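This report describes a single protein model in terms of its ionic pairs, its sheet, its nonpolar core and selected residues. The sequence and the coordinates are shown first.

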Amino acid sequence: MTYAVVDSPLGPLTLVGTDAGELTGLYMDQQRYRPEQAGFGDRDDAVLPAVAEQLDEYFHHGRTTFDVPLHLVGTPFQRDVWVALQDIPYGTTTTYGGLAEMLGLKPGSARAVGLANGKNPISIIVPCHRLVGSTGNLTGYGGGIERKQALLDHERGEKLLTG
């Protein structure tokens with residue numbers, strides 16, 4: 001494992017990669033469920049250049065999808081949710097219940113989807129910010145509600161505000 005830190009309009013982002021060059025983590029500062037930095041390996045800001053480049057393109061409205069290799073580490077259910085998140089189009093949202101339905105889960109599975117979503121280790125690229133509550137309200141986000149709102153606004157064409 002190796003990690004890099006890149007600047008973004010949302011603050012520093014920590015990119016964690018496998019020895020094979022797959023992205024296994026993308027964390028914001030003070031993110032909920034962020035693992036201990038000691039587990040990220042050695043810092044080398046030259047690793048994962050394609051991830052850094054695609055994030056820069058995303059933040060400057062040049063990219064709406066990502067195609068970097070990912071290594072999703074979680075339970076089979078969590079991985080299913082994280083893969084499904086990648087099918088939510090740029091600039092749109094869906095509800096936790098809507099994603100549960102997309103996954104073919106039984107009614108009432110929205111909470112389980114929400115719990116899996118909250119443990120997403122690859123924010124932004126695996127767009128957990130695109131899930132909203134059943135009434136359209138913003139609900140929890142590991143990077144903070146302000147960042148979630150900023151990402152949604154950005155994807156709707158508004159200038160990304162830094163804070």
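The model is a predicted one, in which local features need pLDDT of at least 70 and side-chain atom pairs count only at pLDDT 80 or more, while totals for chains, interfaces and linings use all residues. Residues are numbered from 1 along each chain as its sequence is written, and side-chain values use heavy atoms, with hydrogens and water left out.

**Salt bridges**

| Pair | N to O distance |
|---|---|
| Asp-45 and Arg-43 | 2.9 Å |
| Arg-63 and Glu-57 | 2.8 Å |
| Arg-130 and Glu-155 | 2.8 Å |

Burial is assigned from relative accessible area: buried means under 20%, exposed over 50%, and partly exposed in between, with a 1.4 Å probe and protein chains only. In the second pair, Arg-63 is buried at 18%, whereas Glu-57 is partly exposed at 27%. In the pair of Arg-130 and Glu-155, Arg-130 lies in the loop between α4 (110-118) and β6 and Glu-155 in helix α5, so this contact ties together parts that are 25 residues apart in sequence. Arg-130 is buried, with a relative accessible area of 5%, and Glu-155 is buried as well, at 6%.

Helices (H or I, at least four residues) and strands (E, at least two) are DSSP runs numbered from the N terminus. Two strands are taken to pair if DSSP finds at least two bridges between them. An open sheet of 4 strands has the order β3-β2-β1-β4, and its pairing is mixed. Its edge strands, each pairing on one side only, are β3 (23-28) and β4 (42-43). Strands β1 (residues 2-6) and β2 (residues 13-17) are antiparallel and share 5 bridges; Val-6 has Leu-13 of β2 as its bridge partner. Helix α1 (residues 49-59) packs on the sheet and touches β1, β2 and β3, with its direction at about 145° to that of β2. Such angles run from 0 to 180 degrees between N-to-C directions, the axes being lines fitted to C-alpha atoms, for helices over the stretch in contact.

Strands β2 and β3 are likewise joined by 5 bridges and run antiparallel, with Leu-26 in β3 as the bridge partner of Leu-15. These two strands form a hairpin with 5 residues between them, and Gly-21 in the turn has a positive phi of about 85°. Strand β3 is mostly covered, since 6 of its 6 residues are buried.

Gln-54 lies in helix α1 and is buried, at 8% relative accessibility. Apart from neighbours within four places in sequence, Gln-54 is in contact (heavy atoms within 4.5 Å) with Arg-63, Thr-65, Phe-66, Asp-67 and Val-68.

A nonpolar core is a set of buried Ala, Val, Leu, Ile, Met, Phe, Trp, Tyr and Cys residues joined through side-chain atoms within 4.5 Å. The largest one holds 35 residues, of which Leu-26, Leu-55, Phe-59, Leu-85, Ile-124 and Ile-125 touch the most other members. Two or more residues come from each of β2, β3, α1, α2 (76-85), α3 (96-102), α4 and α5. Beyond four places in sequence, the contacts of Ile-124 include Leu-26, Leu-55, Phe-59, Tyr-141 and Leu-151.

Helix α5 is mostly covered, with 8 of its 11 residues buried; among them are Leu-151, Leu-152 and Glu-155. The buried residues of α5 pack against β3, α1, α3 and β6. Just after this helix, Gly-157 adopts a positive phi of about 95°.

Gly-142 is placed in the loop between β6 (131-132) and α5 (145-155). It is buried, at 18% relative accessibility. Its contacts outside four places in sequence are Gln-30, Gln-31 and Arg-32. Gly-142 and Gly-118 lie 24 residues apart in sequence, and their C-alpha atoms are 6.2 Å apart in space.

How values were computed:
A salt bridge is a side-chain nitrogen of Lys or Arg within 4 Å of a carboxyl oxygen of Asp or Glu.
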